[in-house]
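Colleague: Hi! I would like to learn how to read a protein structure, one feature at a time. Could you walk me through this one?

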Amino acid sequence: MSTATNSIDRFLERDYTAGFVTEVESDSLPKGLSEETIRQISARKGEPDFLLEWRLEAYRRWLEMSPPLWAQVKHPPIDYQDIVYYAAPKQKKDGPRSLDEVDPELLRTYEKLGVPLHERARLAGVVAVDAVFDSVSVGTTFQKQLAEHGVIFCSFSEAVREHPDLVRKYLGTVVPPSDNFYAALNSAVFSDGSFVYIPKGVRCPMELSTYFRINAKDTGQFERTLIIADEGATVSYLEGCTAPMRDENQLHAAVVELVALDDARIKYSTVQNWYPGDKDGKGGIYNFVTKRGDCRGPRSHISWTQVETGSAITWKYPSVILRGEDSVGEFHSVALTNHRQQADTGSKMIHLGRNTKSTIVSKGISAGHGSNTFRGLVQIGPRAQGARNFTQCDSLLIGERCAAHTFPTIEVRNPSAQVEHEATTSRIGEDQLFYAMQRGLSAEDAVSMIVSGFCKEVFKELPMEFAVEAQNLLGVSLEGSVG
Amino acid sequence: MSAPQVWRDAFAERAEALPGARLPWLARLRGQAIERFADEGWPTRRLEAWRHTPLALLGEQAFVAADGRAEVAAAVAQLRREAGDPEHWLVFVDGHHRPDLSTPGSLPQGCQVGSLAEALRQDAQGLEALMGSADEGSSPAALNLAFAADGAFVRIGSGVALEHPLHLVFVSATAEAATHVRNLVQAGANSVATIVEHHIGLADAQTLATIETRLALDRDARVTHLKLQRESEAGFHLARIDAQQAGGSVFDSHSLSFGARLARTDIETRFAGEGCEALFNGLYHADGRRHVDHHTRIDHALPRGTSREYYRGILDGAARGVFSGRILVAPGAVRTDAVQRTDNLLLSAQAEADARPELEIYAADVKCAHGATVGQLDEEALFYLRARGLDEAHARKLLTLAFAGEVLERIRDEALRRCAREILLARLPGEERMEESYA
């Protein structure tokens, strides 16, 4: 096995390709957090009073809260005064009016990351992109074409300016500011993010996507995404993220809220590739994210798909509240931890309405010293007649020093509900490797084949463009692990 | 007065009279235990392990101490008949050994069975190591350590096989009484034994029973432990079973929980040697407003351990059933093979089932799986039986019994299996005439 192991090692020794830094002048607030910081962020963005009040209220609540300790992750305490809460690339007075006016350096950054912002430079698949750089959105493509269908797709700041009523109506209704420590922090200091509104009966004509990039040093990224699918609307949304390689840990505390009204469908896909830190666990992003969808209307459908390969620490539990009758929630996840990465992730499905259905499929891969935890909750309320849940979480272990945990909670208060949970944990078998190699595959191909077979169920949920990227990412992220 | 203070006062009053009070190590242990309980009080829902089981009801209740002289001969005799007139029979009433109701039977050479109080009075050798420490388990375990005055003290010598099961009977007889029982079992290398605990409640009013059973299995010992809980419906039952397994030992634990207002059982084993095996098999039934909770933990500390865990719950009325099982695989515990399953049957609209099957794994070369389900009786199976002429109640009972049957089948001793099945049968609603359809 030793020659096989060596070649796997070599195959896996690839670098974090998104780790470069873009040299742009940035306009940022000094480190530290106080009511004044929040007032400044709000003022810079020219926000209406209600939003400033909302932020300050969240901040006051946050001051009374303490960080959650129940997750299976270890990190030194975070100094919240040592973070820059607002950093934006410097721009002309009024900001770019169209994509042509965006700083070419920024465009090149996204080009390099494989996210072309020039509409004409698009690939065969049509994807509209909102590019978020540190604290602000630098450009959104295809806005005009989308507007023809009545679809609103813009940065959060723009939505606050242009559609304050919609923002006011839905902001914080799925994830209230006091929901948890990191959500409260986000509510106080969030700087930008994406806003999507799909009007009644509209099927969004293209995939929407946001690309998040942390660039500046010492900054935290606190973005907020709000997606509303009105009655009978359909939308598919993709999210990608990267950051430069730095020795310091950086905090990313985002909030994503999804609202699906009657018969609406929202599909939310994430490929998370924040910088994971180096081999010894130095640096990397702390990814503490609250994502929740609310199936408000009957027959609505929300599906989360995530591929988590980056971040030093991942703490996120995309959830669905199944309020409407016959609504459906789905969660498909691949989480990979290598070196010293830690992931505590999973999903919550809260069944409140009749005949609601949910599926959780979670695939965890631990390599090196990685620690991977699935934590889930399936709750069936007393009025959720005929509710149904199926959960499957499998863990694959690569190497001798990794850890994989499964902590599901099931609470059933209705006898007509059916809930099933299955989980397995096993290593890549030497017999499997041997079998594949005996048929002429190299060791690296054999490992990659077994891993992608393990993840297949989740990858098939991803939109085409992402499926390929996710496949490649897994190869990169397994770097340095032992087969 | 707060709960901890009530118990601290009670301890100050009673400590001197507890057996072994003059042993310095024991006095120190009990002192630490009552301090811990006074410090923590009853567990609250804020503690993860007690999130689903509130003990607030116990609040500031003061319980009396019973002397164990209650008249229970008739009930014990009936239980004995039900159990198939066992050979080894030890009775404890309100936490005190009753030699007049006990018949230890003829024990093989090298086998010692007696009362813990007696062993403490004589300061039997090796007791200190078996007794445990104040920081184990949750705070009720500490309360038990502080107050436990009696229990069974069992030693099976190396290579000795106890042919018949040893039955330990614990009767909660006095209303408003709190009893604290501690059982110590030491199984020598290569020994074989089956130990059965019966817990029955005769009092109509509230009782509190804390029980801790500690088992130490030496190399290659094989111990089967079966707990049959039938406390009265006003009884609080807080039990903990703690096993330590040396290499190659096999520990089978069966927990059948049918009674009590609130029953909580923590079962833990630790594989302190290579190649250990454990079976955790459990069945619970609750109706009315009763609450039943099992928390289990299997610690695969060393390589080549095998564990199998199967728990099934039947919940009726407005009852609540909780199962939380954790399988822990320590770094380096390679070739671990663990399977855990829990299934729950909800028979009524107000019943609730909570399940937390947990895997915590720090080693790579392992095979672990768990599964959990919550559901109701299969409509098609019901229809099938009714099409064959069974009335609905009968059909439901038959299917419920079949659901429980899988757990009961794992009890190897036939007399015990039959006894458990009959108890369950009597508890399920529906007519009596089940024997022929079950067979």
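**Reading strands, cores and contacts**

Modeller: Gladly! In chain A, strand E20 and strand E22 (residues 388–397) run parallel and are joined by 10 bridges. Within that pairing, Ser362(A) stands opposite Cys393(A) of E22(A). Please keep in mind that this is a predicted model.

Colleague: Which strand of chain A is joined to E20(A) by 10 bridges and covers residues 328–337?

Modeller: That is strand E17 of chain A, and it runs parallel to E20(A).

Colleague: Now the backbone angles. Which residue in chain A has a positive phi near 70°?

Modeller: The general idea is that most residues other than glycine have a negative phi. Ser311(A) has a positive one, near 70°, although it is not glycine. Find Ser311(A) in the loop that links strand E14 (301–308) to strand E15 (313–316) of chain A. This serine is buried, because 30 other C-beta atoms lie within 10 Å.

Colleague: And what is the phi of Glu176(B)?

Modeller: Glu176(B) also has a positive phi, near 65°. This glutamate sits in the loop between strand E5 (166–172) and strand E6 (178–187) of chain B. Glu176(B) counts as partly exposed, because it has 15 C-beta neighbours inside 10 Å.

Colleague: How many residues of chain B are in contact with chain A?

Modeller: In general, the size of an interface is often given as the accessible area lost when the parts come together. Here we can count residues instead: 29 of chain B are in contact with 28 of chain A. On the chain B side, strand E18 (352–361) and strand E19 (366–375) are the elements that give two or more residues. That side divides into 16 nonpolar, 6 polar and 7 charged residues.

Colleague: Which strand of chain A is joined to E19(B)?

Modeller: Strand E24 (residues 418–427) of chain A is, through 8 bridges, and the two run antiparallel. As a landmark, Ser426(A) stands opposite Lys367(B) in E19(B).

Colleague: What about the inside? How many residues does the largest nonpolar core have?

Modeller: The largest nonpolar core has 247 residues, and Val196(A), Ala229(A), Val235(A) and Val171(B) have the most contacts inside it. Domain 1 (3–273) and domain 2 (379–439) of chain B both give residues to this core, so it lies between them. Zoom in on Val196(A): leaving out residues up to four places away in sequence, its contacts include Ile152(A), Phe153(A), Leu208(A) and Tyr237(A).

Colleague: Last one: how many helices and strands are in chain B?

Modeller: Chain B has 10 helices and 19 strands. Its radius of gyration is 21 Å, close to the 22 Å that the globule rule gives for 439 residues, so chain B is as compact as a globular protein of that length. Along its principal axes, the C-alpha trace of chain B spans about 70 × 50 × 50 Å. Of the 439 residues of chain B, 53% count as buried. Among contacts in chain B between residues at least 6 apart in sequence, 83% join residues at least 24 apart.

Terms used: Residues numbered from 1 in each chain as written. Chains lettered and ligands numbered in written order. Predicted model: local features only at pLDDT ≥ 70, side-chain atom pairs only at ≥ 80, totals over all residues. Helix = DSSP H or I, 4+ residues; strand = E, 2+ residues; numbered from the N terminus. Buried ≥ 20, exposed ≤ 12 C-beta atoms within 10 Å, placed from the backbone. Contact = placed C-beta atoms within 7 Å. Nonpolar A, V, L, I, M, F, W, Y, C, P; charged D, E, K, R; others polar. Pairing = 2+ DSSP bridges. Core = buried A, V, L, I, M, F, W, Y, C linked by C-beta atoms within 7 Å. Domains from an automatic or database assignment. Rg over C-alpha atoms; globule rule 2.2 N^0.38 Å.
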